[in-house]
Amino acid sequence: MAKIIVVTSGKGGVGKTTSSAAIGTGIALKGHKTVIIDFDVGLRNLDLVMGCERRVVYDFVNVINKEATLSQALIKDKRTKDLFILPASQTRDKDALTIEGVQQVLEDLAKEFDYIICDSPAGIEKGAQMALYFADVAIVVTNPEVSSVRDSDRILGILQSKSKRAEEGKEPIEEHLLLTRYHPERVAQGEMLSVSDVEDILAIPLLGVIPESEAVLKASNQGTPVILDEEADAGFAYTDAVDRLMGEERPLRFLEVQKKGFMKRLLGG
Amino acid sequence: MTDSSFQLKGSVVTTVLLDIQKFSLDDIIFHLKEKIEQVPHFFNQAPVIVDISKTKESIQLDQFEALIEALNALNLGVIGWRCDPARLPDWKATVTIPLLPASKARAINAESGAKSSDQQDVVVKKIVEERVVSHSSKVITKPIRSGQQVYSEGDLIVLAQVSEGAEVLADGNIHVYGALRGRALAGVKGDKNARIFCKSLEAELVSIAGNFMLSDALQKSIWKDSAQVLLNDENLDVVPL
């Protein structure tokens with residue numbers, strides 16, 4: 001039985017697509033057959049972050065409308081074995097998604113894949129609700145600032161009330177908090193919320209803390225998931241998060257203000 | 001059950017009981033007209049039960065039917081009649097309206113202006129049947145998130161936090177065994193004895209029976225600590241637990 005994981009946040013620009021790409025890649029690296037679906041119909045970012053934008057022929061909406069088969073639309077990742085991408089359409093809008101259509105696609109994918117990652121669009125409207133409706137697990141991406149935390153709280157409420165599991169009275173969606181763009185210096189100066197502040201407000205288990213890093217922007221522009229960057233602490237943090245998602249214990253890293261020579265110490269062993 | 005085109009349900013309606021002590025058609029209609037003129041809205045299409053248990057003389061069928069006809073002409077809707085079971089008239093089966101079981105309800109005298117003794121022959125009584133419904137309390141075990149609203153007709157017990165931007169309402173008391181960061185309104189139907197209890201008071205707003213207090217004022221009393229909020233005259237008191 002495939003596990004459906006939604007990566008969501010409410011607020012835009014917090015790192016949903018970056019996290020979807022990194023976590024999807026991380027799970028595939030562990031040998032699980034994984035597909036990442038871009039639910040952001042009309043904008044289409046995932047293929048750019050994954051560096052496969054030139055290979056998009058058919059998309060998610062084509063499959064829903066039965067204009068293409070799943071195997072035609074799925075793009076196999078060139079770097080990572082067992083990883084596939086189902087891109088979004090740029091010429092449609094979110095109304096092109098229907099519950100029945102999405103359900104059919106997910107059911108078909110579930111026959112072949114172990115993990116299905118749904119990269120949610122921002123907001124709490126139809127697109128976002130469609131992305132989370134069938135989920136078993138939710139990764140709520142949050143930045144350490146009040147508006148992002150408030151929006152995440154709102155999306156947690158929607159996960160508990162408007163998902164399929166909630167509507168059918170089944171076991172609720174497993175919720176995880178992923179804190180991204182964390183800046184220990186600014187936390188120390190009191191400009192940012194700390195990990196414990198955010199945990200206290202949202203009251204869900206912490207999956208990981210991704211430090212603010214130039215490597216993330218660089219990786220996005222190059223079309224390589226940051227988890228593959230073997231020098232970036234953000235990459236290590238994502239690896240830790242994936243390990244925790246798979247049930248392994250990993251201590252939190254990169255929460256302290258970095259001292260000089262940190263990278264050297266890291267690289268020098 | 002869902003494919004059925006109807007549902008059967010019990011229902012309680014307020015009816016007017018015409019309790020006849022002395023059967024005199026003209027008298028009854030005359031005084032009844034007077035009453036109707038005082039509160040025409042109340043009596044318009046009002047369901048009426050004719051009770052002849054207290055009449056000493058025996059009533060003939062044509063007399064009784066004339067009464068019903070006259071009542072209907074006054075725009076009242078006769079829905080049934082009652083009679084002392086020991087003295088049921090022999091025409092009981094021929095009457096078209098249903099014979100209702102004898103009343104156990106306590107009668108309320110709705111008489112207003114009429115004071116002379118002869119007018120007491122006709123007494124219009126209003127029976128209000130009230131159902132006492134006790135509302136059980138609602139227990140919530142998961143956090144109440146921003147944008148969610150929870151209402152309880154009794155007490156509301158939350159075993160987790162109430163986030164900022166969430167709202168909890170109750171006709172009774174509100175207990176929050178976690179941080180109360182959103183809005184809490186107790187006694188929303190006007191119960192001034194309702195209280196709010198919480199483990200950590202960080203609310204945006206607390207209100208009891210419409211008297212409210214905002215976080216600015218709360219921060220000056222008890223903040224981020226366990227507290228209860230109660231109404232004292234018109235003022236809210238925040239007291240440590």
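**Exercise 1. Find how many cavities of 30 Å³ or more there are, and describe the largest one.**

*Step 1.* Start with the count: there are 2 cavities of 30 Å³ or more. On a 1 Å grid over the protein atoms alone, a cavity is a set of points where a 1.4 Å probe fits but cannot get out, and lining residues have an atom within 4 Å of a point. Grid points are joined across faces, edges and corners, and a volume is the space filled by probe spheres set on the points.

*Step 2.* Before going on, note that this is a predicted model, in which local features need pLDDT of at least 70, side-chain atom pairs count only at pLDDT 80 or more, and totals for chains, interfaces and linings use all residues. Residues are numbered from 1 along each chain as its sequence is written, chains are lettered from A and ligands numbered from 1 in the order in which they are written, and side-chain values use heavy atoms, with hydrogens and water left out.

*Step 3.* The largest cavity holds about 40 Å³ of space. Its lining is made of Lys3(A), Ile5(A), Tyr115(A), Val137(A), Glu174(A), His176(A), Leu245(A) and Met246(A). Strand E1 (3-8) and strand E7 (174-182) of chain A are the elements that give two or more residues to this lining. Helices (H or I, at least four residues) and strands (E, at least two) are DSSP runs, numbered from the N terminus.

*Step 4.* Sort the lining of the largest cavity by class: 5 residues are nonpolar, 1 is polar and 2 are charged. Here Ala, Val, Leu, Ile, Met, Phe, Trp, Tyr, Cys and Pro count as nonpolar, Asp, Glu, Lys and Arg as charged, and the others, Gly among them, as polar.

**Exercise 2. Work out which element gives the largest share of the lining of the second largest cavity.**

*Step 1.* The volume of the second largest cavity is about 30 Å³. Among the residues that line it are Thr18(A), Val49(A), Val216(A) and Pro225(A).

*Step 2.* Helix H1 (16-29) and helix H11 (214-222) of chain A each supply at least two lining residues. H11(A) has the largest share, with 3 residues.

*Step 3.* By class, this lining has 6 nonpolar, 3 polar and no charged residues.

**Exercise 3. Describe the largest pocket, then the second largest pocket.**

*Step 1.* A pocket is an open set with protein on both sides within 12 Å along at least five of seven lines. The largest pocket has about 560 Å³ of space. It is lined by 27 residues, and Gly13(A), Val14(A), Gly15(A), Lys16(A) and Thr18(A) are the closest to its centre.

*Step 2.* H1(A) gives the largest share of that lining, 4 residues. By class, the lining has 11 nonpolar, 11 polar and 5 charged residues.

*Step 3.* Now turn to the second largest pocket, with a volume of about 400 Å³. Of its 19 lining residues, Val146(A), Ile201(A), Glu164(B), Arg181(B) and Glu202(B) lie nearest its centre. H7(A) gives the most to this lining, with 4 residues, and the classes are 6 nonpolar, 4 polar and 9 charged.

**Exercise 4. Is strand E2 (residues 34-38) of chain A mostly covered or uncovered, and which strands does it pair with?**

*Step 1.* E2(A) is mostly covered, with 5 of its 5 residues buried (under 20% relative accessible area, 1.4 Å probe, protein chains only; over 50% is exposed, in between partly exposed). Thr34(A), Ile36(A) and Asp38(A) point one way, while Val35(A) and Ile37(A) point the other way.

*Step 2.* Two strands pair if DSSP finds at least two bridges between them. E2(A) runs parallel to strand E4 (residues 83-86) of chain A, joined by 4 bridges, with Ile36(A) opposite Ile85(A). E2(A) also runs parallel to strand E5 (residues 115-119) of chain A, joined by 5 bridges, and Thr34(A) has Tyr115(A) as its bridge partner there.
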